[in-house]
Amino acid sequence: SILKLLVSGSGSSRTGVLIPIPQYPLYSAALAELDAVQVNYYLAEERCWALDVAELRRALAEGRRRCCPRALCIINPGNPTGQVQSRDCIEDVIKFAYEEKLFLLADEVYQDNIYAKGSSFHSFKKVLSEMGPPYSLEVELASFHSISKGFMGECGLRGGYMEVVNMDPEVKAQLSKLVSVRLCPPVPGQMVLDVVMDPPKPGEPSYERFQAEKEAVLNSLAEKARLTQEIFNQTPGIHCNPVQGAMYSFPRIDLPPGALAAAKEKNQAPDMFFCMRLLEETGICVVPGSGFGQREGTFHFRWVPTP
């Protein structure tokens with residue numbers, strides 16, 4: 001709905017949206033469907049998939065040569081990369097969006113899944129508010145959350161929300177129209193969303209059980225995140241950054257010339273070839289990095305350590 005609101009123009013005036021690479025493929029698919037322009041910015045794998053404002057500036061300059069960039073998408077915690085952005089980084093991104101008049105899209109659906117020591121989740125809305133004027137009064141932001149991800153993982157129950165900040169009232173009225181033409185989520189999804197947004201409080205009958213179940217899931221995921229990094233980095237030819245948050249790791253794989261040649265013979269991307277051989281020989285199913293985007297000449301796969 002937000003993208004439909006933002007996309008307009010044609011040719012060099014067509015809306016461009018900056019998205020991270022690697023990215024969650026929802027974004028590239030939605031932009032293609034709307035005939036918007038995908039403007040890639042690369043996360044720094046050598047720095048635990050950090051977001052670099054200098055790279056944002058490079059991507060924006062490149063994008064302006066072929067479209068009109070109007071929005072910047074941030075996925076925090078990251079999917080598929082599992083990084084958690086620092087508060088300083090978020091402030092820098094907000095300042096960049098203010099300077100360049102970009103609409104911010106904050107995908108924060110894994111905000112409860114934080115594992116790494118020293119990592120904390122900071123919502124874009126909170127940081128924007130605490131930065132004060134002129135940022136808090138002028139930067140336009142839409143933040144997104146979901147019951148179908150995160151520690152709840154209710155993937156069969158679809159529901160979520162978005163919150164918009166600093167949107168012009170007349171534009172917000174058009175957004176309301178866009179949303180109103182859609183059917184509402186199924187009732188069970190709405191019920192779960194209510195519980196997620198208003199969980200049991202201390203003293204209420206279900207509080208202790210809720211906390212115990214939540215902590216059990218998150219502790220299990222944290223331990224598996226630790227094991228993922230440890231075991232992958234002990235495996236020859238696989239390199240894995242610390243999994244700071246979300247539910248994924250995105251290890252880099254070194255493929256020998258024979259594998260590259262075999263992949264080319266099958267007309268497959270090299271990491272797709274690796275993933276198919278892994279599935280056939282071990283029964284383990286992972287997703288090739290080429291599905292998420294990666295720097296040319298590098299190969300990855302996304303790993304999901306389930307609860």
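How exposed is Arg 226, in terms of relative accessibility? Arg 226 comes out at 39%, so it counts as partly exposed; on this scale buried means under 20% relative accessible area, exposed means over 50%, and partly exposed is in between, using a 1.4 Å probe and protein chains only.

A word on ground rules. This is a predicted model, in which local features need pLDDT of at least 70, side-chain atom pairs count only at pLDDT 80 or more, and totals for chains, interfaces and linings use all residues. Residues are numbered from 1 along each chain as its sequence is written, and side-chain values use heavy atoms, with hydrogens and water left out.

**Salt bridges**

Arg 226 has a partner: it forms a salt bridge with Glu 230. The term here covers a side-chain nitrogen of Lys or Arg within 4 Å of a carboxyl oxygen of Asp or Glu. Searching the whole structure turns up 15 salt bridges. Three of these pairs are set out below.

| Pair | Closest N to O distance |
|---|---|
| Lys 125 and Glu 163 | 2.5 Å |
| Arg 226 and Glu 230 | 2.7 Å |

Take Arg 226 and Glu 230: both sit in helix α9 (residues 207-234), four residues apart, or about one turn of the helix. Helices here are DSSP runs of H or I with at least four residues, strands are runs of E with at least two, and both are numbered from the N terminus. Glu 230 is partly exposed too, at 37% relative accessibility.

Arg 277 and Glu 281 are also four residues apart, this time in helix α11 (residues 270-282), so about one helical turn separates them. Arg 277 is partly exposed at 39%, whereas Glu 281 is exposed at 56%.

Salt bridges with shared partners also tie Arg 57, Arg 64, Glu 99 and Glu 100 into one network.

Lys 125 and Glu 163 link distant parts of the chain: Lys 125 belongs to helix α5 (residues 124-131) and Glu 163 to strand β6, 38 residues apart. Lys 125 is partly exposed at 37%, and so is Glu 163 at 29%.

**The sheet**

Strand β6 takes us to an open sheet of six strands, ordered β2-β1-β3-β4-β5-β6 with mixed pairing; strands pair if DSSP finds at least two bridges between them. β2 (37-42) and β6 (160-165) are the edge strands, each with a single partner, so one side of each has no neighbour in the sheet. On average, neighbouring strands are turned by 20° against each other, direction ignored.

β5 (residues 141-146) and β6 run antiparallel and are joined by six bridges. His 145 stands opposite Tyr 161 in β6. Helix α2 (residues 26-33) packs on the sheet, touching β1 (15-21), β2, β3 (68-75) and β4 (103-107); contact means heavy atoms within 4.5 Å. The direction of α2 makes about 165° with that of β1; axes are lines fitted to C-alpha atoms, for helices over the stretch in contact, and angles run from 0 to 180 degrees between N-to-C directions.

**Helix α3**

Which residues of α3 (residues 53-63) are buried? They are Val 53, Glu 55, Leu 56, Ala 59, Leu 60 and Gly 63. They cover an arc of only 150° around the axis, which puts them on the same side of α3; the arc is that of the directions from the helix axis to the C-beta atoms. These buried residues pack against β1, β2, β3 and α4 (87-100).
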